[in-house]
Amino acid sequence: MKHRQLLAIPMLVAALAAQAQDRTAYPLGPLAQCINRSQFQFRQQDRLPAHVTTRSVKLATGDGQVSVADGYRLMLFHKGSLPFVNLKIERSAEGRFVADRDTIVAQMQQMSANSKPPHLVPLETDTRQGVEVLGLNNPKITQSSGVISLYTLLHAASGTVATAYLLNQPADKREFATDAQYQALRELFIAALAACMTDTAQ
């Protein structure tokens with residue numbers, strides 16, 4: 001009898017592993033497609049592996065954990081040949097959204113606190129159509145050769161988190177020549193993302 005029980009354990013583990021990787025639902029699929037119908041399109045979407053259920057974030061008190069029941073990474077383009085946004089959309093695990101939100105807010109507060117004069121980056125907050133918007137913006141496009149802005153959008157009703165890294169581009173190939181042009185394009189993207197998060201909530 002003991003031998004049968006021992007044999008059953010590996011079979012149970014294998015069955016559970018197969019179940020974890022068998023993702024038949026696509027709760028974030030409509031959101032990804034809505035974004036793709038805006039002025040910002042992706043040329044590839046990468047889905048988070050089923051075995052990844054958390055991600056780590058840096059906090060003043062150490063590493064924090066954010067749950068991830070499902071997620072996609074989308075590299076978004078506007079009109080040019082260079083990417084404008086590295087976007088990650090995620091769904092919190094059941095019952096974990098409030099804790100995930102608190103961890104993410106603490107992370108962004110810490111990032112703001114770590115900025116130094118003369119380039120202080122305050123944490124900007126807003127709410128649009130039931131979507132909480134948190135933003136960290138470099139004041140000038142010339143101050144960063146990589147990420148100009150970091151935004152997190154949180155939709156409590158659906159438990160969805162969107163993290164957007166807005167990217168600078170080489171000066172001779174930029175779609176935006178001035179800070180004002182960048183800000184207008186950034187606003188266009190954030191408005192489109194917030195609207196999609198609301199419209200496709202399920």
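F40 and F189 are both buried (under 20% relative accessible area with a 1.4 Å probe, protein chains only; exposed is over 50%, partly exposed in between). Their ring centres sit 5.3 Å apart with planes at 80°, so this pair is edge-to-face. Rings of Phe, Tyr and Trp (its six-membered ring) pair if their centres lie within 6.5 Å, with planes over 60 degrees apart called edge-to-face, under 30 stacked and the rest tilted. F40 lies in the loop between α2 (29-36) and β1 (41-47) and F189 in helix α4 (residues 179-199), so the pair ties together parts 149 residues apart in sequence. Helices (H or I, at least four residues) and strands (E, at least two) are DSSP runs, numbered from the N terminus.

The model is predicted: local features need pLDDT of at least 70 and side-chain atom pairs pLDDT 80 or more, while totals for chains, interfaces and linings use all residues. Residues are numbered from 1 along each chain as its sequence is written, and side-chain values use heavy atoms, leaving out hydrogens and water.

F84 and Y182, both buried, have ring centres 6.2 Å apart and planes at 70°, so they too pair edge-to-face. F40, F84, F176, Y182 and F189 make up one aromatic cluster.

Back in the loop between α2 and β1 is S38, which counts as buried at 19% relative accessibility. Its side chain reaches the backbone nitrogen of F40 at 3.1 Å, and a polar atom of that side chain lies 2.6 Å from the backbone oxygen of I35.

Definitions and conventions: A polar contact is a pair of N or O atoms within 3.5 Å; within protein, one must be able to donate a hydrogen and the other to accept it, and residues adjacent in sequence count only if both atoms are side-chain atoms.
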